[in-house]
Amino acid sequence: MGSDINIPNFKIKSIEAIKLIPKEERIKAIERAGLNIFLLKSDEIFIDLLTDSGTNAMSQEQWAAIMRADEGYAGARSFDNFKNAITEVTGFPCVLPVHQGRAAENVLDHVLIKEGNVVPGNIHFDTTEAHIEHRKAIPVNCVIEEAYDSAAELPFKGNMDLKKLEKTLEENKGNIAYVLHTITCNSGGGQPVSMQNIKEVSELCKKYKVLFFFDAARFAENAFFIKQREKGYENKSIQDIVHEMFSYSDGCTMSAKKDALVNIGGFIGFRRKELYEKCVPFGILFEGFPTYGGLSGRDLEAIAVGINEGIQEEYLRYRVKQVEYLGKELEKAGIPVMKPIGGHAVFVDGKKFLPHIPQEQFPSHTLTAELYAESGIRAVEIGTLLAGRDPKTEKNKMPKLDLMRLTIPRRVYLREHMDYVVESMKKIKERKGSIKGLKFSFESPILRHFQSRFERVE
Ligand code: F0G
């Protein structure tokens, strides 16, 4: 673009007002919510960095397509638009719509997983892991060891450790449901996976004759990092990189709520018709007829347009740089953040920021409650609370990373919003020694981070 300033490739046509409620009200709100940011009301939040999922701003082209949607139950024109756009962008000839990413996991796992199976991946996202465990199978994380060191600066920290993967494949011969590579690796800090690693994982899967799938929620951001960081891809288009990435796999699950720039939706992409056909009955059972899969015609249209906007290089450059800006400013302020800065979020290392709070008192989750009270900003923990308990021992899992994620919705916030986040974190830093850790006052049994309540450890 010939400028160092990070200029968005869009301007704003429609806005939504936000309001910072007074500090006393914020303190009351977070106490009422049992110190759990999931239990706050949206109206109590000033800047919502809980997630980049379904929080995207849509374009005028998406809204126009929504008006043209065909709501026919079967054989809708909107399904053809949806399917054709996805096939063009990903290269997968068969596409099954579902209402969101975890629904894709549910359908696929019903077909591919048998009790006792093993599912290796780099780091499975929490819903992915929960679905695998729900099918009485075992998720195994095989990411490179450096991924667990928040300070290690590697270009592709989401890569699979090939030795760990091969060991898992060798030890569980005949018992592997499939291999899943999550791009970018959300639970590992939004870190990308290199094309080289994708190729090598694919070769191992061929050698061991197992299926290779992507969790593709942030595939476009991953492709942008490949273009920026991997030799030989500097001059390739994002579309070409995306095609090559997917070409090494048997299919993908996709939460369209991320890189397809919509508010709801998802799909499963398949290379082979036979597997698609096996999944269709479960798609019908859980999601609906295979030309709508839990979505309305207008959702299908919004995805058809959004998935193409999501791979525009000018958009991706702005997107990734905005996240990087926030990360670098926090770093300048002496806040420990996961390095390098990931694709969709900045991850603050809660254990390093609040070293006086033991991991079993949820340092990063504690920080989310504190940040909300300080500033009206909602972040989310990706750490010990999210990790839950080991189903066998019922003990808390103690993940190596305990992070607070400041997740940036796409095309929603401006640089000034990012500056406010930095100012707020600086204020917390000044008094961080007096912050107390948290313990459960109520612990919810499944995906506990959503519903649990807390009190301060005195
Ligand atoms: N896979 C990844 C990598 C995800 O990040 C998510 C969702 C899913 C699957 C499930 O998709 O929400 O559409 O059912 N991540 C959101 C987040 C919730 O905030 O990171 P879903």
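Biologist: Why is Lys-207 called exposed?
Modeller: Its relative accessibility is 54%. Exposed means over 50% relative accessible area, buried under 20%, and partly exposed in between (1.4 Å probe, protein chains only). So Lys-207 counts as exposed.

Biologist: What should I know about the source?
Modeller: This is a predicted model, where local features need pLDDT of at least 70, side-chain atom pairs count only at pLDDT 80 or more, and totals for chains, interfaces and linings use all residues. Residues are numbered from 1 along each chain as its sequence is written, and side-chain values use heavy atoms, with hydrogens and water left out.

Biologist: What makes Lys-207 and Glu-166 a salt bridge?
Modeller: The closest N and O atoms are 2.7 Å apart. A salt bridge needs a side-chain nitrogen of Lys or Arg within 4 Å of a carboxyl oxygen of Asp or Glu, so the pair qualifies. Lys-207 lies in helix H7 (residues 195–207) and Glu-166 in helix H6, so the bridge ties together parts 41 residues apart in sequence. Helices here are DSSP runs (H or I, at least four residues), strands likewise (E, at least two), numbered from the N terminus.

Biologist: Why is Glu-166 called partly exposed?
Modeller: Its relative accessible area is 26%.

Biologist: Are Arg-319 and Asp-52 buried or exposed?
Modeller: Arg-319 is at 2% relative accessibility, so it counts as buried. Asp-52 is at 0%, so it is buried as well. Both belong to a salt-bridge network that also links Arg-218, Glu-221, Asp-259 and Arg-410.

Biologist: How many salt bridges does the whole structure hold?
Modeller: The search finds 34.

Biologist: Which residues make up the lining of the largest cavity?
Modeller: Ile-37, Phe-38, His-365, Val-380, Glu-381, Leu-385 and His-449. A cavity is a set of points on a 1 Å grid over the protein atoms alone where a 1.4 Å probe fits but cannot get out, and lining residues have an atom within 4 Å of a point.

Key: 1 Å grid on protein atoms, 1.4 Å probe; cavity = no way out; pocket = protein on both sides within 12 Å on 5 of 7 lines; lining within 4 Å.
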